[in-house]
Amino acid sequence: MRARAGDFLVLLAPTLVVGVLVPVVTRDDPAAYVPVLLVLLIVATIGIAFGLILLAHTTRGPSTFAIVVWQEQAAFRVQPNFRRQCVFYGVLGAALVLMAFNGFRVGHLSVLRAMSYGIIVLTTLFLLVLSVRMLRSGPLVLTSEGLAIDGGRSFVPWDALGARAESGAWAVGSPELVRGRRVREFRPGEDVPLEVSLYFLTRVIDLYARQPERRAAIGTAEELERLRGALTRQVT
């Protein structure tokens, strides 16, 4: 599953609204730009602060693991979740576009106009890149055989993983076993935000990497219940 439709709305709508609203409202009355600017700056500041809080804190826990059948085998699935990033970058994009329009108002300064065009181009490219990344994203799937990353674009067998000293990182000790896209190092949740506590997820993967005898139970309700009871939930 790719990012949800609501994620794209949260990401793109603020920038599009500002890009359309400001020129229309201030076209016939330049003085109207000041109150519009103040209102949008207040909204942008609140939105960015809220986005930073969401990026720094999460209460997602093991309950968001889903039991599914993946390629005819029972599995645990973790969905991608871009909402926190979208809240922050969506409002940030809107604030940057608003800054660009402010630069256009000073028509006699060519440097400011050039900077304004640059801000719009870079903001558009960034939002486009993030949108493509969201479209190409997929769930992380844990099976008895290994880890399917981004919905299976890469498949890392358990035997290919080698735990490293630092928590949450696994070096691919046997890259020849990896199927699909090459993976040098796997950090769950780093490349694609996931709808589960990263602390919980790293402990689950570490458990299966070190205890092969438990892998056969992956994808069962009993095993999921055991994980919830055995692994302490931690807000990350």
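In which sense do strand E1 and strand E2 pair, and over how many bridges? I kept in mind that this is a predicted model. Strand E1 (residues 66-70) and strand E2 (residues 73-78) pair in the antiparallel sense, and I found five bridges between them.

**Entry: the hairpin.** The hairpin of E1 and E2 has two residues between the strands.

Entry: I then followed E2 to its other neighbour. Strand E3 (residues 140-143) runs antiparallel to E2, and four bridges join the two. Here Arg-77 is partnered by Val-141 in E3. Further along, strand E4 (residues 146-149) pairs with strand E5 (residues 154-157), again antiparallel, over four bridges. In that pair, I noted Phe-155 of E5 as the bridge partner of Ala-148.

Put together, the order reads E1-E2-E3-E4-E5-E8, an open sheet of six strands with antiparallel pairing. E1 and strand E8 (179-180) stand at the edges with a single partner strand each, so one side of each has no neighbour in the sheet.

**Entry: the core.** Which residues have the most contacts inside the largest nonpolar core? They are Phe-65, Leu-142, Leu-201, Ile-205 and Tyr-208, in a core of 37 residues. I listed the elements that supply at least two residues each: H1, E2, helix H4 (110-136), E3, E4, strand E7 (170-172), H5 and helix H6 (221-230). H5 gives the most, with six residues.

**Entry: helix H5.** That sent me to H5 itself, which covers residues 198-210 and has 13 residues. From first C-alpha to last, H5 reaches 18 Å, close to the 18 Å expected at 1.5 Å a residue. Its buried residues are Phe-200, Leu-201, Thr-202, Val-204, Ile-205, Leu-207 and Tyr-208. A reminder I jotted beside this: an α-helix has 3.6 residues a turn, so residues three or four places apart point the same way.

Entry: Is Val-20 buried or exposed? Val-20 lies in helix H1 (residues 5-26). Val-20 counts as exposed because its relative accessible area is 55%, and the cut-off for exposed is over 50%. I found Val-20 in a nonpolar surface patch with Val-17, Leu-21, Val-24 and Val-25. Together these residues have about 400 Å² of accessible area.

How values were computed:
Residues numbered from 1 in each chain as written. Predicted model: local features only at pLDDT ≥ 70, side-chain atom pairs only at ≥ 80, totals over all residues. Heavy atoms only, no water. Expected span 1.5 Å × (residues − 1). Buried < 20%, exposed > 50% of the residue type's maximum accessible area, 1.4 Å probe, protein only. Pairing = 2+ DSSP bridges. Patch = residues over 30% accessible without salt bridge, like charges linked within 9 Å, V, L, I, M, F, W, Y side chains within 5 Å. Areas by Shrake-Rupley, 256 points an atom, 1.4 Å probe, with all protein chains shown as cover. Salt bridge = Lys/Arg side-chain N within 4 Å of Asp/Glu carboxyl O. Core = buried A, V, L, I, M, F, W, Y, C linked by side-chain atoms within 4.5 Å.
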